[in-house]
Structure formats: C-alpha cells, structure tokens
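Here are my notes on the model, point by point. Please read them with the coordinates open.

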Amino acid sequence: MASFNLAYDRVLAPSRLSLGLMTPLARQLGTMADPALERLAAIRADDHGFAALWTRDVPLMVPQGTELETAALDDPFVWLATFAAATKRVALGTAAAVLPLRHPLHLAKSALSLDRLSGGRFILGVGSGDREAEFAAFGQEAAQREALFRKHWALLRAALSPEAVERRLLLDATGGYDVAAVTAKRIPMLVVGSARQTLQWIARNADGWASYHRDEARQQGRIGLWQSALAERAESQQKPFVQSLHLDLLEDADAPAQPIELGMRTGRKALVGYLARLEAMGVRHVLLHLARGPRSVLDIIDELGLDVLPSFLSKPVAA
C-alpha cells in the first residue's frame, strides 16, 4: 500500500499529540473573514509549529446553533489554497467537506489539486451534513444522506487512490479516464462526526476518525469504542482519533478550567494539563476552535505557540 503524504506524518502519525487551529480565526458573527488578517494569523501559526489549519464546508448561510449563527464562509478549497501559498509547513484540512452534497469527482479534483499545490500538505475530512435546508436546495433527500455518503465515499476513495486495485471503481465509472494525474502518496481521508455510519464502517474504511469534545470520562469511553472497532474491522490497524475543542483562552494563565459548549474556558496551565491527559488517553490531534472575544487572535496564537505548543512538539518531519 502507498504511504501517506506529509500531512499525515505531521498531524496524525507523530509520537506526541499535535495541535491544529480552525479557521477563519478572527471572523466576527455573521461577517466574512478578513483575508489579510487570516493570512497573517496562518503565517504566525506556521512559524510557531502548529500542525494543521482546518476549515469548514458550509454550502449555504443557514442559521444554526444556540446563537443561531449564520455561517459566512468562503469555499473551503479556495480558502485553504490561500494558506498553501502563504505557509511552508503547516498541514491544511477540511473539517469537514459535506460529502453527500458534493459530486465525488469534483471533490477528488479539488483534493488532488490542493494536495499537489501545497506539496502534500492536505487532509480531507468529510461529513454527512447537518443543515436540512441545504439538501432541499441541492436537490437531495436529507433522509438519503447516510446511503449517499457511502456511495460518494467509494468513488471518491477510488479517485484519490494511488493503488490500481482501488482505482478500478473510478475507471469503470468514467470509461477509463482519471480526474488528475495519479498521486504517488495517499491523501488521508477522515470521517468527521458519525456521518450517520457505524464505528465499524468508519474503522474499516477511513484513515482516522474526528469527533467533538466530551467530558474526559465519556471521551475515554468513546476512544475505547474506537479501539474496539479497529480491532474488529481494521485488524487492529492503528488509526488516529482526532478531537475538536472550543477554547476560550483567558489572559490569566492560572485560571481554572470551566466547561463551555463543546469545550472550555481556561488559562493556559490548566489547558496544558488537559491536553496531556488527552494525549495519555490516545487522542492524536486536537483541533482548537478559538472563541470570539476581546483578545487579539494573534496574541492568543502567540501564547499557545510559546507556552502550550512546546509541551507537545514532536521532532519535525522533513519537507
């Protein structure tokens, strides 16, 4: 089997926990992000040694969440391409592309292009979508997204594969034509959330699983279920567990951690302790989603980069 690209080695394979950031980093509620500020923040994160920059795929500006937030986001692949041009080492990932609403051949073309243009720094995270209104707008039945996810996954996987055996499905579907030049390295594909699939299906088919923040006892149980699914369906192959964390980082370094929705409000010392416990539980990568607030996002990146990240840095992977 072909080896993975550089992104996998930098984000999902190191011996230590790695940290990433959800972008846009400084977007205000209901507004489009400032590209110049976001590029500056991405360069700062790259310089500090963050493992990855992630972004979401939100096809329509449908209000969602407890605050009925209207997500105003650029196309994820165009967005990440700007970071690919501005940075040198940091990996770039989708968390997650809405697989049932994207044709798998178009998605494969975007993934292969971004991976090539970034020098092998791309991770493709996909999900099943959670905004009912989007499915009607795209002419899809929301009730069918579970089956459509699996159907699209199979063709997408074949289109991204360097392996001739796996590529047969693609060539059968296209009459023998590729979507792009065959890549020598495998682009890692993560399932983000449940995607309405069983853990056994995810363990067998995906290169890793990304889930959301839970209290530590529940998360440890979830990781145990993941390990059991890997043992049952992936022949005990080690595949990474990724967790998101909504983070409100306080200026007081000694402030104790307090729970917020899908994350915590805390000073950096308690954050380091929490991340160390996640590492011991088997979490391979934590995706930090910074809370909106009065602090400068650049200051927060600097604090994380100088006072949190060094505790978890692995030996750098050569470019």
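1. Start with the pair Glu 279 and Arg 16. Their side chains form a salt bridge, with the closest N and O atoms 2.7 Å apart. The term here means a side-chain nitrogen of Lys or Arg within 4 Å of a carboxyl oxygen of Asp or Glu. Glu 279 sits in helix H10 (residues 268-281) and Arg 16 in the loop between helix H1 (6-11) and E1, so the bridge ties together parts that are 263 residues apart in sequence. Arg 16 is partly exposed, at 29% relative accessibility. Buried means under 20% relative accessible area, exposed over 50%, and partly exposed in between (1.4 Å probe, protein chains only). Helices (H or I, at least four residues) and strands (E, at least two) are DSSP runs, numbered from the N terminus.

2. A word on the source. This is a predicted model: local features need pLDDT of at least 70, side-chain atom pairs count only at pLDDT 80 or more, and totals for chains, interfaces and linings use all residues. Residues are numbered from 1 along each chain as its sequence is written, and side-chain values use heavy atoms, with hydrogens and water left out.

3. Back to charge pairs. How many salt bridges does the rule give? The count comes to 17. One of them joins Arg 44 and Asp 302, at 2.7 Å from N to O. Arg 44 belongs to helix H2 and Asp 302 to helix H11 (residues 297-307), so this pair links parts 258 residues apart in sequence. Arg 44 is partly exposed, at 25% relative accessibility.

4. Another salt bridge is between Arg 131 and Asp 130, at 3.3 Å. Is Arg 131 buried or exposed? Arg 131 is buried, with a relative accessible area of 7%. Elsewhere, Arg 268, Arg 295, Glu 303 and Asp 307 are linked in a network of salt bridges.

5. Two cis peptide bonds deserve a check. One runs from Thr 23 to Pro 24, with omega near 0°. Pro 24 is in the loop between strand E1 (18-23) and helix H2 (35-48). The other runs from Ala 95 to Ala 96, with omega near 15°. Ala 96 is in strand E3 (residues 91-98).

6. Look next at the loop between strand E5 (189-192) and helix H8 (199-205), which holds Ala 195. Phi of Ala 195 is positive, near 55°, though the residue is not glycine. Ala 195 is buried, at 4% relative accessibility. Arg 196 lies in the loop between E5 and H8 too. Its phi is also positive, about 60°. Arg 196 is partly exposed, at 39%.

7. Gln 197 is in the loop between E5 and H8. Gln 197 is buried, with a relative accessible area of 10%. What does its side chain reach at 2.9 Å? The backbone oxygen of Ala 195. A polar atom of the Gln 197 side chain also lies 3.0 Å from the backbone oxygen of Glu 146. Leaving out residues up to four places away in sequence, Gln 197 touches Glu 146, Phe 149, Arg 150 and Ile 202. Contact means heavy atoms within 4.5 Å.

8. Now strand E6 (residues 208-211). Gly 208 and Ala 210 point one way, Trp 209 and Ser 211 the other, and all are buried. E5 and E6 run parallel, joined by three bridges. Val 192 stands opposite Ala 210 in E6. The chain passes from E5 through H8 to E6, a right-handed β-α-β crossover. Right-handed means that, with the strands pointing away from the viewer, the path from the first strand over the helix to the second runs clockwise. E6 also pairs with strand E7 (residues 241-249), in the parallel sense over three bridges. Two strands pair if DSSP finds at least two bridges between them. Ser 211 stands opposite Gln 243 in E7.

9. Finally, the nonpolar cores. Such a core is a set of buried Ala, Val, Leu, Ile, Met, Phe, Trp, Tyr and Cys residues joined through side-chain atoms within 4.5 Å. In the largest, of 73 residues, Leu 21, Leu 124, Leu 275 and Leu 304 touch the most other members. Helix H6 (residues 145-160) gives the largest share of this core, seven residues. Residues touched by Leu 21 include Ala 45, Trp 54, Leu 288 and Leu 304. A second, separate core of 16 residues includes Tyr 8, Val 11, Leu 12 and Ala 210.

Methods. Polar contact = N/O pair within 3.5 Å; in protein donor to acceptor, adjacent residues only side chain to side chain.
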